[in-house]
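Please open the structure in your viewer and keep the selection tool at hand. The stops below take one selection at a time and say what is found there.

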Amino acid sequence: MDLRIQKDCSNIDWNEVSQIMKEVNIGSFPAEIRQKAFENSAAVVFIFEKEKLIGLGRAISDGTYEAAIYDIVVRPEYQGKGIGKIIVETLMESLPTCSFILYAAPGKEGFYGKLGFRKLKTGMGLFIKKEHMRQRGITD
Ligand SMILES: CC(C)(COP(=O)(O)OP(=O)(O)OC[C@H]1O[C@@H](n2cnc3c(N)ncnc32)[C@H](O)[C@@H]1OP(=O)(O)O)[C@@H](O)C(=O)NCCC(=O)NCCS
């Protein structure tokens, strides 16, 4: 595959981002909310194949020692080809002095495990959509 890795938000079609994220069931925020979230992040990654957006991800951070990874997505037809691994590794390379936390979508824990992540024994979360997160299996 002829991949291009972009580490900024220039010329991104946010309607397309919003649509891809809806397609893989990680939320239904409108385009302008997705744009704000990515533009306010410390590190972003967009993967293109022949100028088609096929994957993306972002990390928020203090830029020194703590970071959190969100919104890791690969278009369904491009999954299983190593693209997700490139996205996460590129985010970690962009914040080389940081530790990283995240919460995996149920069933995706093994993907992050292969990248070196370990389960948090004391992880806690307080979400706006409390019942939704409980029903998704993210909180108890
Ligand atoms: C999760 C996701 C980003 C993985 O991306 P991907 O491009 O398919 O993953 P990769 O091909 O880079 O996989 C890297 C490794 O993880 C493994 N892996 C991928 N998904 C896995 C899973 N759900 N469980 C266990 N292992 C998994 C792969 O087999 C591969 O192993 P290998 O290095 O031994 O070959 C992708 O499936 C996706 O976008 N899913 C929908 C959105 C989503 O749930 N995102 C996660 C939010 S937390």
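**A charge over a ring**

Begin by selecting Lys129 and Phe29: in this predicted model, Lys129 lies over the face of Phe29, at 5.5 Å from the ring centre. Next select Arg58 together with Phe38, where the charged end of Arg58 sits over the ring, 5.6 Å from its centre.

**Aromatic pairs across the chain**

The count of aromatic pairs comes to 7, and two of them share Tyr103. Select Tyr70 and Tyr103 and look at how the rings are set: their centres are 6.1 Å apart and their planes stand at 80°, so this pair is edge-to-face, given that planes over 60 degrees apart count as such. Tyr70 belongs to strand E4, whereas Tyr103 is in the loop between E5 and H4, so that the pair links distant parts of the chain, 33 residues apart. Tyr70 is partly exposed, with a relative accessible area of 28%, and Tyr103 also counts as partly exposed, at 36%.

Is Phe127 buried or exposed? At 18% relative accessibility, Phe127 counts as buried, because the cut-off for that class is under 20%.

**Helix H3 and its cover**

Now select residues 83-94, which make up helix H3; this helix has 12 residues and reaches 17 Å from its first C-alpha to its last, close to the 16 Å expected at 1.5 Å a residue. Within H3, colour Ile83, Gly84, Ile87, Val88, Thr90 and Leu91, which are buried. Turn the view until you look down the axis of H3: the buried residues fall within an arc of 160°, so they line one face of the helix. An α-helix has 3.6 residues a turn, so residues three or four places apart point the same way.

To finish, display what covers the buried residues of H3, which includes strand E1 (3-6), strand E2 (43-49), strand E3 (52-61), strand E4 (66-74), strand E5 (99-101) and helix H4 (109-114).

Methods:
Residues are numbered from 1 along each chain as its sequence is written. This is a predicted model: local features need pLDDT of at least 70, side-chain atom pairs count only at pLDDT 80 or more; totals for chains, interfaces and linings use all residues. Side-chain values use heavy atoms; hydrogens and water are left out. Helices (H or I, at least four residues) and strands (E, at least two) are DSSP runs, numbered from the N terminus. The expected span of a helix is 1.5 Å times one less than its number of residues. Buried means under 20% relative accessible area, exposed over 50%, partly exposed in between (1.4 Å probe, protein chains only). The arc is that of the directions from the helix axis to the C-beta atoms. Contact means heavy atoms within 4.5 Å. Rings of Phe, Tyr and Trp (its six-membered ring) pair if their centres lie within 6.5 Å; planes under 30 degrees apart count as stacked, over 60 as edge-to-face and the rest as tilted. A charge sits over a ring if NZ of Lys or CZ of Arg is within 6 Å of the ring centre and within 35 degrees of the ring normal.
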